[in-house]
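Me: I've got a model open and want to know what the labels on it rest on. Can you take me through a few?

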Amino acid sequence: MFNKISVTRTIASCGTAFIMSTGMGITATSVQASTFGFADIVLDFFNSGANPAFPNPNDSYGGDGIDFPVPVNTDVVLGDAPTNFADSLSLPTDSFVIVGFLDEVIIDRAGNDLAVREIGGGGERAQVFISSLLSNDMSDFIFLGIAQDDLTTSFDLGSIGFTDPVKSVKIVGLDNFGGSPGFDLVNVQGLPGSLKSVPEPTITLGIGLSMGLMGYLKKKQSTRLRQAKN
Ligand SMILES: [Ca+2]
Ligand SMILES: [Ca+2]
Ligand SMILES: [Ca+2]
């Protein structure tokens, strides 16, 4: 099934926060300010309940940079995490999160293209799947590789011959290891040499509108000048 999500965006304040709605029954669980090179939106999340302390499908837990396991918002995996005290979302066995890229796509260039960061060495592993669509339909995804614990695992799209631009990444936990059971996802990144920026529809529209308005004002001004001269 074709499951491309139609995305409409409204810049809520100063262009730093987005209100987003998606089609195809997908609820954007959270959105952060646009961050070039890093995932921008959580497209889907599922908690398997493999950790009995957090039994419900929507329970999201992980580390807040100090304590773990504690309830965290799924959007902790969005954007950059520049410090060692990064917050993280734990994915116990069969739990998953799908993140989307909005202001960039990731394309296959020489060497590694995409990176997944985990925090805390507990031997955790996770499967990484990619899609050229903004999608939460598993049939749109293809397996890329296994991400490891306590470091940034980098992947080469060329290793599976994937030549389309990547827009979504799905991470699936494989175990309940570690103090916060499961794979502790910090963030998902397109590596600098493999990024292609995508124009912001609303901003493009805004520029178009303001250019139109400027043209209108200029016209009005010249009409007024002409009238004054006459
Ligand atoms: Ca981004
Ligand atoms: Ca860990
Ligand atoms: Ca590559």
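This is a predicted model: local features need pLDDT of at least 70, side-chain atom pairs count only at pLDDT 80 or more; totals for chains, interfaces and linings use all residues.

Me: Why is glycine 63 called buried?

Reply: A residue is buried if 20 or more other C-beta atoms lie within 10 Å of its own, exposed if 12 or fewer, and partly exposed in between, with C-beta atoms placed from the backbone. Glycine 63 has 24 other C-beta atoms within 10 Å, so it counts as buried. Across the 230 residues of the protein chain, 39% are buried.

Me: What does glycine 63 touch?

Reply: Leaving out residues up to four places away in sequence, glycine 63 touches Phe68, Asp87, Ser88, Ile119, Ser180 and Asp184. Contact means C-beta atoms, placed from the backbone, within 7 Å.

Me: What makes β10 largely enclosed?

Reply: 5 of the 5 residues of strand β10 (residues 114–118) are buried, so the rest of the structure largely encloses it. A strand here is a DSSP run of E, at least two residues, numbered from the N terminus. Leu114, Val116 and Glu118 cover one side, and Ala115 and Arg117 the other.

Me: How do you know that β10 and β15 pair?

Reply: Pairing takes at least two bridges found by DSSP. β10 and β15 (residues 183–190) have 5, in the antiparallel sense, and leucine 114 stands opposite glycine 190.

Terms used:
Residues are numbered from 1 along each chain as its sequence is written. Chains are lettered from A and ligands numbered from 1 in the order in which they are written. Two residues are in contact if their C-beta atoms, placed from the backbone, lie within 7 Å. Helices (H or I, at least four residues) and strands (E, at least two) are DSSP runs, numbered from the N terminus.
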